[in-house]
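Grab a pencil and work through these exercises with the model open beside you. Each one sets a task and then walks through a solution.

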Amino acid sequence: MSMRIVVVAEHDGTAVRGASLSALAFAQSAAATTGGEVSWLVLGHQVDAVAQDAARFAPVLVVDSPALEHPIAEPFARVISTVVKERGFELVAAASSTFAKDIVPRAAAQLGGAMASDVVRHELVDGRLQLDTPRYAGAVTATVVLQGSPQIVTVRGSAYVAAQPTGEAHSVERLELDAAVFSCRGSYEGLKSKQNARPDVTEARVVVSGGRAFKNAEDFEQHVGGLADALGGAAGSSRALVDAGIAPNELQVGQTGKIIAPEVYIALGISGAVQHLAGMKNSRTIVAVNSDPEAPIFDVADYGLVGDVYKITPELIEKLESHAVGLSR
Amino acid sequence: MKILVPTKRVPDTDQKITATADGSGVASDHLPFVVNPFDAIALEEGVRIVEKLGDDSEVIAVGIGEADYVQQLRTALAMGATRAICVECNQSLDPWNVARLLKEIVLREKPDLVLMGKQAVDDDANQTGQFLAALLDWPQATFASRVELLAGEIRVDRETDHGIETLRLPLPAVVTTDLRLNEPRYASMAGIMKAKKKPLDVIPVAELGVALEPRVEVLRYHSSETVRRGERLRSVDELVERLRQDVGAQA
């Protein structure tokens with residue numbers, strides 16, 4: 001059974017995002033076991049640079065239109081489902097990001113509704129693709145098979161090592177679609193993002209997260225941000241601090257925030273609610289610092305240190321800097 | 001203004017959830033059902049919109065499930081829903097079939113707005129709202145953290161990986177709700193008393209005329225366990241040492 005696979009590329013206007021390279025890795029693995037082939041689908045406006053970047057990894061289909069300048073689900077989903085039908089793709093993959101979680105299910109419904117979210121493992125058994133998907137905030141994993149074709153999946157970036165460039169430039173093909181495909185009733189009014197010099201929690205090798213122990217934004221920045229900087233990592237947060245307005249939304253790690261698996265996760269003053277653990281428990285090494293020796297975060301930690309984060313963090317930063325401990329990004 | 005709020009009931013996920021020993025399901029019989037927290041947020045938002053309009057606008061809560069789902073729908077009515085619809089169905093449904101059933105309810109009720117949770121905290125699929133929007137060919141805004149009603153339109157702030165994005169959509173539309181949209185109220189005693197008199201229609205699933213088409217076949221469940229070292233350290237120096245050794249740190 002050879003499978004024709006397309007990966008929806010998420011990009012920042014110049015290059016493909018890392019999470020999409022993990023989705024590509026999933027697709028390449030599925031293609032290898034089925035004798036299939038993989039293409040990218042790059043969507044946007046004036047995305048030649050993105051197409052060139054994507055072509056380092058796999059052949060590229062591009063739909064470039066002013067109607068795709070901003071990521072609005074209606075035209076994006078219709079473009080995806082149209083291309084999938086026209087080209088006869090049997091498997092559609094994308095990263096588990098808010099971009100894909102908005103758009104890809106809408107396309108999936110236009111393609112018959114056979115969709116699995118947040119795939120963390122796959123296996124071809126008797127010609128059927130078995131997919132592991134986390135449920136109940138990751139407490140349980142369900143192994144599923146999708147009925148119908150095409151199959152649509154989002155892939156959790158932390159579960160697949162990013163695909164590597166192949167060393168050749170693959171083909172780039174521009175697709176022309178009917179104007180009706182791009183029609184859109186909504187309008188985009190803007191994006192408010194916090195400019196942040198630190199890497200995103202989904203892309204960093206080290207993530208330092210703060211929890212309820214931090215009383216205000218200044219303390220959070222000084223301790224959590226300071227330790228992140230000392231390790232060349234990203235700053236993250238528990239839901240409690242985001243709800244309290246102490247940390248910005250996009251830092252939230254958890255079931256309903258970002259789900260990550262960095263090489264090192266350092267939880268400062270985080271008690272370890274189930275919904276937070278869902279976002280970080282697959283990290284390679286987990287360090288917890290908390291004043292409560294009974295905090296559930298210690299149950300998932302490799303290294304635990306009981307104490308006041310306001311005392312421990314400055315000491316840790318100082319000693320790390322004097323020992324020059326740090327990971328490059 | 002007519003607002004439809006589809007809900008799902010889920011086992012109370014504050015409790016520990018495990019797979020059954022034979023992998024055929026999830027051991028949830030001992031857990032109480034609650035309205036999916038994201039759907040409670042959608043319901044709260046619908047109630048607030050209607051309270052603000054102060055006219056004959058309605059919020060209709062919908063549930064699909066076994067007959068005793070009416071208990072959770074009574075809670076929705078006590079929180080302020082105007083009326084409720086229970087689609088009685090003893091089969092476990094995947095998002096595709098839920099969306100197809102909801103589409104039939106929407107065609108019957110003709111709401112101006114569908115407000116629902118961005119995901120249910122049992123299967124965490126995050127699909128049904130988008131599926132429904134596609135099946136209806138309505139505009140959608142997912143992951144709403146703020147909703148503002150305009151004349152014939154809705155403005156929605158959306159939580160994305162890269163910040164807060166603002167969209168304006170004409171109605172009717174589907175909006176899915178994120179955590180920070182609001183804090184749902186608890187049902188008051190007065191609300192609970194009023195709820196007893198509010199209309200709650202029970203519709204057998206067959207009446208909707210949808211032939212169910214499974215799309216997701218679950219082969220088995222297993223509990224997720226990761227083994228951790230669980231080493232308690234005594235000092236910051238020990239932690240620095242571990243970070244140096246284990247983390248491939250550059251000395």
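Two residues are in contact if their C-beta atoms, placed from the backbone, lie within 7 Å. Helices (H or I, at least four residues) and strands (E, at least two) are DSSP runs, numbered from the N terminus. This is a predicted model, where local features need pLDDT of at least 70 and side-chain atom pairs count only at pLDDT 80 or more, while totals for chains, interfaces and linings use all residues. Residues are numbered from 1 along each chain as its sequence is written, with chains lettered from A and ligands numbered from 1 in the order in which they are written.

**Exercise 1. Describe how helix α4 of chain A packs against helix α4 of chain B.**

Step 1: get the geometry. Axes here are lines fitted to C-alpha atoms, for helices over the stretch in contact, and angles run from 0 to 180 degrees between N-to-C directions.

Step 2: name the arrangement. Angles under 35 degrees count as roughly parallel, over 145 as roughly antiparallel, 65 to 115 as roughly perpendicular and the rest as oblique. So α4(A) and α4(B) are oblique to each other.

Step 3: list who meets whom. From α4(A) come Asp102(A), Pro105(A), Arg106(A), Ala109(A) and Gln110(A), and they meet Gln130(B), Phe131(B), Ala133(B), Ala134(B) and Leu135(B) of α4(B). By class, the residues of this contact are six nonpolar, two polar and two charged. (Ala, Val, Leu, Ile, Met, Phe, Trp, Tyr, Cys and Pro count as nonpolar, Asp, Glu, Lys and Arg as charged, and the others, Gly among them, as polar.)

**Exercise 2. Find how α4(A) packs against α3(A).**

Step 1: α3(A) spans residues 73-87, and its axis comes within 8 Å of the α4(A) axis, crossing at roughly 50°. α3(A) and α4(A) are therefore oblique to each other.

Step 2: pick out the residues. α3(A) brings Ala73(A), Phe76(A), Ala77(A), Ile80(A) and Ser81(A), while α4(A) brings Asp102(A), Ile103(A), Arg106(A), Ala107(A) and Gln110(A). This contact divides into six nonpolar, two polar and two charged residues.

**Exercise 3. How many residues of each chain are in contact with the other chain?**

Step 1: count. On chain B there are 68 residues in contact with 71 residues of chain A.

Step 2: see which elements of chain B contribute.

Step 3: sort by class. This side of chain B has 31 nonpolar, 18 polar and 19 charged residues.

**Exercise 4. Trace the sheet that uses strands of chains A and B.**

Step 1: write the order. It is an open sheet of four strands, β6(A)-β7(A)-β8(A)-β12(B), with antiparallel pairing. Two strands pair if DSSP finds at least two bridges between them.

Step 2: find the edges. β6(A) (121-125) and β12(B) each pair on one side only.

Step 3: walk across. β6(A) and β7(A) pair over five bridges, and His122(A) stands opposite Leu131(A). β7(A) and β8(A) pair over six bridges, with Arg135(A) partnered by Val140(A). Seven bridges join β8(A) (residues 140-146) to β12(B), where Leu146(A) has Val216(B) as its bridge partner.

Step 4: look at the turns. Two residues separate β6(A) from β7(A) in their hairpin, and Asp126(A) has a positive phi near 50° there. Four residues separate β7(A) from β8(A), and Tyr136(A) in that turn has a positive phi of about 45°.

**Exercise 5. Is strand β9 of chain A mostly covered or uncovered?**

Step 1: A residue is buried if 20 or more other C-beta atoms lie within 10 Å of its own, exposed if 12 or fewer, and partly exposed in between; C-beta atoms are placed from the backbone.

Step 2: apply them. Five of the five residues of β9(A) (residues 151-155) are buried, so the strand is mostly covered.

Step 3: check the faces. Gln151(A), Val153(A) and Val155(A) are buried on one side, and Ile152(A) and Thr154(A) on the other.

Step 4: find the partners. β4(A) (residues 91-95) pairs with β9(A) in the parallel sense over five bridges, and three bridges join β5(A) (residues 115-119) to β9(A), also parallel.
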